[in-house]
Amino acid sequence: LVMVFYGSNGKSNPVSMENKVEHQAKNQITYDIHLPSDLGMLYKVRLGLQSLENSISQLSLRHFKMQNTSTLDTFSLTINKTLPLSFNGDRWIEFPVEWPLKEALSVVTYHLTVFSRNILSDRNLVRMSACIYGTHGDTGDRSLLWSLQNVQQGEDNESFLVTMDAVELGEMDKVVLLISSKTDCKLDIKKLHLKEAVKEHPIYVFEVNEAFSVDANKPEIQREIPVSFVIRGDEQKNDIDKNLHKEESQARNLTEYTIKVYTGDKRGAGTDANVHIILFGNEDKSEVFQLSQSLDHQDPFERGNVDTFKIKTKKLGRLHSIEIGHDGKGFASGWFLEKVEITDASKNSVYCFNCNRWLAEDESDGRTIVQLYP
């Protein structure tokens, strides 16, 4: 019995179930497992048989319980499945892990259609598996020839459907094929189609177009096939087109402002605190912008420097005031702001907001945020 754990920062190596804890109840085995600390929050477990060639013929799994011995957070699940799932079949099952206050992923049935030329005639001699990768991890190696459905054979082409259950993968990225054989043969694979069983679209297409020469005396062949393209339904296309149109429309309505911030030339005038700005116009006001990426200096708001920033926001009309200030964080956060100049690219108008004061908790009125007018 082997387990693979998936966390927010990656997945573990296969963990062999060896460290049994003593004093077990009947039909119950407890294991101590030490996972890498950098695995992050666990979200999926894959559980299976290391090999089908062992003496064990079947393993019935009833219930799974896992506890973090540090936090005592506990996850339990009723499984009621037998491995392998059929004779010479898939030896893995996987399930999402649900922790308190953390939403779990769902289990999805996937349909993988293989378009080929001569696999079906040799399927009793060939071993072929696939590992599907998505934004939420991978399926591990899944056998493709153990449960064929919708088999179609023509003179030059054939196709068959493989059904597999997996924790949802998100956007598909690639498929890794593994092929081996008990005899010398040539397998011609054209392409793979992958989709969720309950949905017509999207269909992820993986173009293979390769004849694999399999030698019984050579190690298995491995091929990594990135997704070639995605077939999306009309509804999805319409949604994408609408979103693109909306983004383009929003982009057309945005105005670019160039902001020049003048830090005074006084001792201790610079600041490492986080500086923000809000623009107010006679038509609207902007959102809060953090001024962190200066176009002039890697370290902004140093003594005597001028820092330039560019922002895009909705049309504000004529500017009548700004709010500017900082959060007071960092060593010696006090800041002497001389002035702010703002250029409206759409109108080619320049506004100057004089300040000439300290924004510091230990200076004058102790304010770190001010409202300025041109």
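**Figure 1. Asparagine 348 in the loop between β24 and β25.** In this predicted model, asparagine 348 is found in the loop between β24 (335–344) and β25 (349–359). Strands here are DSSP runs of E with at least two residues, helices are runs of H or I with at least four, and both are numbered from the N terminus. Asparagine 348 is not a glycine, yet has a positive phi of about 55°. The residue is exposed, with a relative accessible area of 63%. Exposed means over 50% relative accessible area, buried under 20%, and partly exposed in between, with a 1.4 Å probe and protein chains only. Residues are numbered from 1 along each chain as its sequence is written. Because the model is predicted, local features need pLDDT of at least 70, side-chain atom pairs count only at pLDDT 80 or more, and totals for chains, interfaces and linings use all residues; side-chain values use heavy atoms, without hydrogens and water.

**Figure 2. Asparagine 356 in strand β25.** Asparagine 356 lies in strand β25. With a relative accessible area of 48%, asparagine 356 is partly exposed.

**Figure 3. Arginine 367 and its surroundings.** Arginine 367 sits in the loop between β25 and β26 (369–372). It counts as partly exposed, at 41% relative accessibility. Its side chain makes a polar contact of 2.9 Å with the side chain of aspartate 365. A polar contact is a pair of N or O atoms within 3.5 Å; within protein, one must be able to donate a hydrogen and the other to accept it, and residues adjacent in sequence count only if both atoms are side-chain atoms. Leaving aside neighbours within four places in sequence, arginine 367 is in contact with Arg357, Trp358, Leu359 and Ala360. Contact means heavy atoms within 4.5 Å. Glycine 328 is 39 residues from arginine 367 in sequence and 10.0 Å away in space, C-alpha to C-alpha.

**Figure 4. Threonine 271 in the loop between β19 and β20.** Threonine 271 is found between β19 (254–263) and β20 (275–281). A polar atom of the threonine 271 side chain lies 3.1 Å from the backbone nitrogen of alanine 273. Not counting residues up to four places away in sequence, threonine 271 touches Pro300, Phe301, Glu302, Ala332, Ser333, Gly334 and Trp335.

**Figure 5. The largest nonpolar core.** This core has 33 residues, of which Met128, Leu144, Ile179, Ile189 and Leu192 touch the most other members. A nonpolar core is a set of buried Ala, Val, Leu, Ile, Met, Phe, Trp, Tyr and Cys residues joined through side-chain atoms within 4.5 Å. Elements that give two or more residues to the core are β8 (107–116), β9 (126–134), β13 (158–167), β14 (172–181), β15 (185–196), β16 (203–214) and β17 (221–226). Leucine 192 touches Leu112, Thr113, Val114, Val175, Leu177, Tyr204, Val205, Phe206 and Val208, not counting residues up to four places away in sequence. A second, separate core of 25 residues includes Tyr257, Leu279, Phe309 and Leu316.

Figure 6. Serine 129 is found in strand β9. It counts as buried at 13% relative accessibility. Beyond its neighbours within four places in sequence, serine 129 is in contact with Asp141, Arg142, Ser143, Leu144, Val176, Leu177 and Leu178. Leucine 161 is in strand β13 and counts as buried at 9% relative accessibility. Leucine 161 and histidine 111 lie 50 residues apart in sequence, but 6.6 Å apart in space, C-alpha to C-alpha.

Figure 7. The bond from histidine 201 to proline 202 is cis, with omega near 0°. Proline 202 lies in the loop between β15 and β16.

**Figure 8. The largest pocket.** Its volume is about 1,600 Å³. Of the 43 lining residues, Tyr31, Ile33, Phe64, Lys65 and Met66 are the closest to the pocket centre. Elements that give two or more residues to the lining are β1 (2–7), β4 (42–48) and β5 (59–67). The most comes from β5, with nine residues. On a 1 Å grid over the protein atoms alone, a pocket is an open set of points where a 1.4 Å probe fits, with protein on both sides within 12 Å along at least five of seven lines; lining residues have an atom within 4 Å of a point. Points are joined across faces, edges and corners, and the volume is the space filled by probe spheres set on them.
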